[in-house]
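Thanks for coming. Please have a look at the chain on the screen before I start.

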Amino acid sequence: MDAAAAWDADDRPLVVGVDGSEPSMRAVDWAADEAELRQVPLRVVYACLWDRYEGAALARDAGRPAGPPSPREIADAGARRARDRHPALRVTAEVVPEEPEYVLVRAGRDAAALVVGTRGRSGVAEMLLGSVSLTVAARADCPVIVLRGSHDNQATPPVRGRVVVGVGADAGDPVAVRFAVAEARRRGVPLEAVRAWRSPARENTDHPLMTGEPARLHEERAAEQLETALRDVPEDLRVYRRTVEGYARRVLLDASYRADLLVVGARRREGHLGLQLGRVAHGVLHHSACPVVVVPHREDDA
């Protein structure tokens with residue numbers, strides 16, 4: 001069984017990271033909806049080296065007197081919020097006295113997926129991605145769902161009515177496509193598969209009989225790669241196929257405005273600071289208008 005099938009086949013929990021902030025509590029709402037969709041348990045994790053959280057955003061949600069809440073109170077408040085949203089959902093809460101990046105990456109080894117929020121500062125909440133979210137997306141072994149854009153605190157019902165997946169040049173092992181197919185079927189919405197392509201400048205020509213020919217060949221190749229990636233999509237799922245000329249990051253960011261979920265594959269590469277995301281995944285994580293799922297793929301996954 002391949003990695004994507006394993007994520008979708010068992011009863012492993014969905015994990016959501018909380019830190020006491022309002023964005024992380026909204027992430028609990030979204031994660032609870034997703035866990036309910038998947039019919040899997042939800043695991044709320046609070047990780048911090050400090051004894052107390054210095055913010056006050058959680059006080060009203062925890063139903064406690066004003067003042068800095070303890071880690072246990074933060075985790076329990078997240079679990080209570082999830083149960084209030086879906087009373088039948090199996091929810092556990094956990095506190096781990098370690099750096100959150102390490103805790104969440106480790107939790108991802110036994111998770112169906114990880115859900116994390118973003119932390120905004122200086123009034124530009126939708127333009128900044130927290131370091132924890134970025135590190136987890138770059139290193140986790142399972143899909144990581146980063147809640148960006150106007151996700152309305154919910155995975156369902158669909159607001160825009162489609163799941164978008166970016167198809168890369170390596171379409172022979174479409175791990176991200178298989179994940180996106182499963183998400184679209186759960187939500188009962190169409191899948192939009194997007195393949196960006198570009199015609200290198202050096203292939204341009206001023207010869208009147210050759211005008212447009214290099215671009216046409218690149219577009220045809222992109223269409224073939226798209227069909228290869230979609231070859232195993234079930235017939236009962238409505239699929240929109242789009243080949244678009246342009247940089248992949250910009251094409252996918254444009255598509256995020258009409259999506260409830262944007263799915264991208266991440267072929268991890270070793271950098272001088274460890275595992276790193278490629279430019280496309282990095283770009284959409286910072287600027288997407290909707291939640292982004294980063295589906296990991298390593299060389300040994302094929």
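First, the ground rules. This is a predicted model, in which local features need pLDDT of at least 70 and side-chain atom pairs count only at pLDDT 80 or more, while totals for chains, interfaces and linings use all residues. Residues are numbered from 1 along each chain as its sequence is written, and side-chain values use heavy atoms, with hydrogens and water left out.

Now the make-up. The chain has ten helices and twelve strands. Both are DSSP runs numbered from the N terminus: helices are H or I with at least four residues, strands are E with at least two. Of the 302 residues in the chain, 49% are buried. Buried here is under 20% relative accessible area, exposed is over 50%, and partly exposed is in between, with a 1.4 Å probe and protein chains only. A contact is a pair of heavy atoms within 4.5 Å. If we take contacts between residues at least 6 apart in sequence, 76% of them join residues at least 24 apart.

In what order do the strands of the open sheet run? The order is 3-2-1-4-5-12-9-6-7-8, ten strands with mixed pairing. At the edges are strand 3 (91-96) and strand 8 (239-245), each of which pairs on one side only. From one strand to the next, the twist averages 25°. To count as paired, two strands need at least two bridges found by DSSP. As background, strands of a sheet pair through backbone hydrogen bonds, either parallel or antiparallel.

Strand 9 (residues 261-267) runs parallel to strand 6 (residues 163-166), and three bridges join them. Val-163 is opposite Leu-261, and Val-164 has Leu-262 as its bridge partner. Strand 9 also pairs with strand 12, again in the parallel sense, over six bridges. There, Leu-262 is opposite Val-292. Strand 9 is mostly covered, with five of its seven residues buried.

Next, the helices. Two packed helices are described by the angle between their axes and the distance between the axes. The axes are lines fitted to C-alpha atoms, for helices over the stretch in contact, and angles between N-to-C directions run from 0 to 180 degrees.

Take helix 2 (residues 22-38) and helix 4 (residues 71-85): their axes come within 9 Å and cross at roughly 40°. That angle makes helix 2 oblique to helix 4; the scheme calls angles under 35 degrees roughly parallel, over 145 roughly antiparallel, 65 to 115 roughly perpendicular, and the rest oblique. Nonpolar covers Ala, Val, Leu, Ile, Met, Phe, Trp, Tyr, Cys and Pro; charged covers Asp, Glu, Lys and Arg; the others, Gly among them, are polar.

Helix 5 (residues 100-107) and helix 6 also have axes that come within 9 Å, crossing at roughly 35°. This crossing is right-handed too. Among the residues making the contact are Leu-104 and Val-105 of helix 5 and Val-132 and Val-136 of helix 6. The classes here are five nonpolar, two polar and two charged.

In helix 9 (residues 248-256), the buried residues are Val-251, Leu-252, Leu-253, Ala-255 and Ser-256. Their cover includes strand 6, strand 7 (191-197), strand 8, strand 9 and helix 10 (279-287).

Last, two residues. Is Glu-183 buried or exposed? Glu-183, in helix 7 (residues 175-187), counts as buried because its relative accessibility is 0%. Leaving out residues up to four places away in sequence, Glu-183 touches Glu-34, Arg-38, Val-163 and Leu-261.

Val-244 belongs to strand 8 and is buried, with a relative accessible area of 19%. Val-244 and Arg-195 are 49 residues apart in sequence, yet 6.3 Å apart in space, C-alpha to C-alpha. With residues up to four places away left out, the contacts of Val-244 include Val-194, Trp-197 and Val-251.

Definitions and conventions. Left-handed = near helix turned anticlockwise from the far one by under 90°.
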